[in-house]
Amino acid sequence: MQSKLWRLAASVIVVTGLTACSSLSGMTDKVSQTWDKTWTGLTGKKQAQAQTEVRQAGPAAAGLKPSEESGRWQGLYSLDGETARFQECESGQIIGVLPEGDSVLLEQAYLNTRSSATVAMLAEVQGRVVERAVADPVLARQGRKMLALRVERFVALSSQAACRNAKANW
């Protein structure tokens, strides 16, 4: 009798847990947006990665588009911990940099020449913009995509912290 009660209790706990998980998966967008607003309010800064994902998630993302052809890109490169970002000069759009190809050379040049941990530097690379699933597993399951820069060849890195136009300035 006692083992049947334990099994029944365990079944109730499992069913309750599964119900909660399915309810929460529908709320993740709202929670994510609320967290972004709270974070922005507390620090005065926007989370660049979340901002990039939001910009890229919609079909009407202006500016950069995925391409099969390699091209020359100029923009502001920065490194925040393990996350490399590239703000393209012409559109001002911020995208992540994939850790492949010559991105290691770009990162090393940046680390060796930057004046402070938060400075962005003007970089020129040969590469292409590709579409990737977002890092958040829940959003990835929903089919959300983001753009990222695949650096095929590192060209140059300048100590300038601004593009010639005013769209891309950190």
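**Salt bridges across the chain**

Glu68 sits out in the open: with 70% relative accessibility, this residue counts as exposed, because the cut-off for that label is over 50%. In this predicted model, Glu68 pairs up with Arg128 in a salt bridge, and the closest N and O atoms are 3.7 Å apart. The two partners come from distant parts of the chain, 60 residues apart: Arg128 belongs to strand S4 (residues 121-133), while Glu68 is found in the loop between helix H3 (48-57) and strand S1 (71-80).

Glu124 and Arg72 form a salt bridge whose closest N and O atoms are 2.5 Å apart. Glu124 is in strand S4 and Arg72 in strand S1, so this contact ties together parts of the chain 52 residues apart in sequence. Both residues count as partly exposed, Glu124 at 22% relative accessibility and Arg72 at 49%.

Then there is Glu100, whose side chain meets that of Arg132 in a salt bridge (3.5 Å, N to O). Glu100 lies in the loop between strand S3 (94-97) and helix H4 (103-113), and Arg132 in strand S4, so parts 32 residues apart in sequence get tied together here. Glu100 is partly exposed at 31% relative accessibility, and Arg132 is partly exposed too, with a relative accessible area of 32%. Altogether, the count comes to 6 salt bridges.

Note on methods:
Residues numbered from 1 in each chain as written. Predicted model: local features only at pLDDT ≥ 70, side-chain atom pairs only at ≥ 80, totals over all residues. Heavy atoms only, no water. Salt bridge = Lys/Arg side-chain N within 4 Å of Asp/Glu carboxyl O. Helix = DSSP H or I, 4+ residues; strand = E, 2+ residues; numbered from the N terminus. Buried < 20%, exposed > 50% of the residue type's maximum accessible area, 1.4 Å probe, protein only.
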